[in-house]
Amino acid sequence: MQHSGLWWSVGILLVLGGVTVFYYNRLVFNRHRVAEAASGIDVQLKRRSSLIPALVECVRQYMNYEQGTLEALVQERMRAVQLADSPLGQRAPVEAQLGSQLRQLFALVEAYPELKADQQFLELQGNISEVENHIQMARRYYNGAVRELNVLVESVPSNLVARLFSFTPAEYFTLDDPRDGQSPKMEF
């Protein structure tokens, strides 16, 4: 009888060890998925920031009277570049403001028909529109990855493994104003 108790103990330990390894591996996988998704957002935000100087220069040639809008856009871009290595949660409001400044700029462009016809401007406008769409997709993917990780970190029994190995919930990429998540309206 002593041997059967020993076998039961060994069996239970093996099952617990297997469950621990299973959930640990899922947690690690999801943590890496969140990091990969954050990198995707970062790439798109850097692409957008790299397009803005060319856009500002192109628009500056036509818009002598809209200097304040251009300066505000340049300021927001500088703030976004300064926060490039910060966590997404800290960067989100600045990036949202940058998107808002872009929407303002494209609204002003409506008053300049010759600018709307400029080929360089049209290409830049198309590129920025494409990048804005990629940012939205990357943000959705990131938040989905965060959701998966957070569910594992908070639900039973994986939360026990998460606590044991110091896994913590990730932060969502959120926007204060839902309009900040919309691409600038760009009519061609």
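Start by selecting helix H3 (residues 88-109) and helix H5 (residues 119-154), which pack at an angle of about 150 degrees with their axes 13 Å apart. Angles over 145 degrees count as roughly antiparallel, so H3 is roughly antiparallel to H5. Keep in mind as you look around that this is a predicted model.

Which residues make the contact between H3 and H5? Show the side chains of Leu-88, Leu-102, Phe-106 and Val-109 on H3, then those of Phe-121, Gln-125, Ile-128, Glu-132 and Tyr-142 on H5. Colour them by class and you will find 7 nonpolar, 1 polar and 1 charged residues in the contact of H3 with H5. The crossing of these two helices, H3 and H5, is left-handed.

**Next stop: along H5**

H5 has 36 residues and reaches 52 Å from its first C-alpha to its last, close to the 52 Å expected at 1.5 Å a residue. Now zoom in on Asp-118, which caps the N-terminal end of H5. A side-chain oxygen of Asp-118 lies 3.1 Å from the backbone nitrogen of Gln-120.

**Next stop: beyond H5**

Select Pro-157, in the loop between H5 and helix H6 (158-164). Is the peptide bond from Val-156 to Pro-157 cis or trans? That bond is cis, with omega near 5 degrees. Then move to Ser-166, in the segment after H6. Phi of Ser-166 is near 60 degrees, a positive value in a residue other than glycine. For background, most residues other than glycine have a negative phi, and most peptide bonds are trans.

**Last stop: H2 against H3**

H2 and H3 pack at an angle of about 155 degrees, with their axes 9 Å apart. That angle makes H2 roughly antiparallel to H3, and H2 passes H3 in a left-handed crossing.

To see the contact, show residues including Leu-70, Leu-73, Glu-76 and Arg-77 in H2, together with residues of H3, among them Val-94, Leu-98, Leu-102 and Leu-105. The residues of the contact of H2 with H3 divide into 9 nonpolar, 3 polar and 4 charged.

Notes:
Residues are numbered from 1 along each chain as its sequence is written. This is a predicted model: local features need pLDDT of at least 70, side-chain atom pairs count only at pLDDT 80 or more; totals for chains, interfaces and linings use all residues. Side-chain values use heavy atoms; hydrogens and water are left out. Axes are lines fitted to C-alpha atoms, for helices over the stretch in contact, and angles run from 0 to 180 degrees between N-to-C directions. Helices (H or I, at least four residues) and strands (E, at least two) are DSSP runs, numbered from the N terminus. Angles under 35 degrees count as roughly parallel, over 145 as roughly antiparallel, 65 to 115 as roughly perpendicular and the rest as oblique. A crossing is left-handed if the near helix is turned anticlockwise from the far one by less than a right angle, and right-handed if clockwise. Contact means heavy atoms within 4.5 Å. Ala, Val, Leu, Ile, Met, Phe, Trp, Tyr, Cys and Pro count as nonpolar, Asp, Glu, Lys and Arg as charged, and the others, Gly among them, as polar. The expected span of a helix is 1.5 Å times one less than its number of residues. A polar contact is a pair of N or O atoms within 3.5 Å; within protein, one must be able to donate a hydrogen and the other to accept it, and residues adjacent in sequence count only if both atoms are side-chain atoms.
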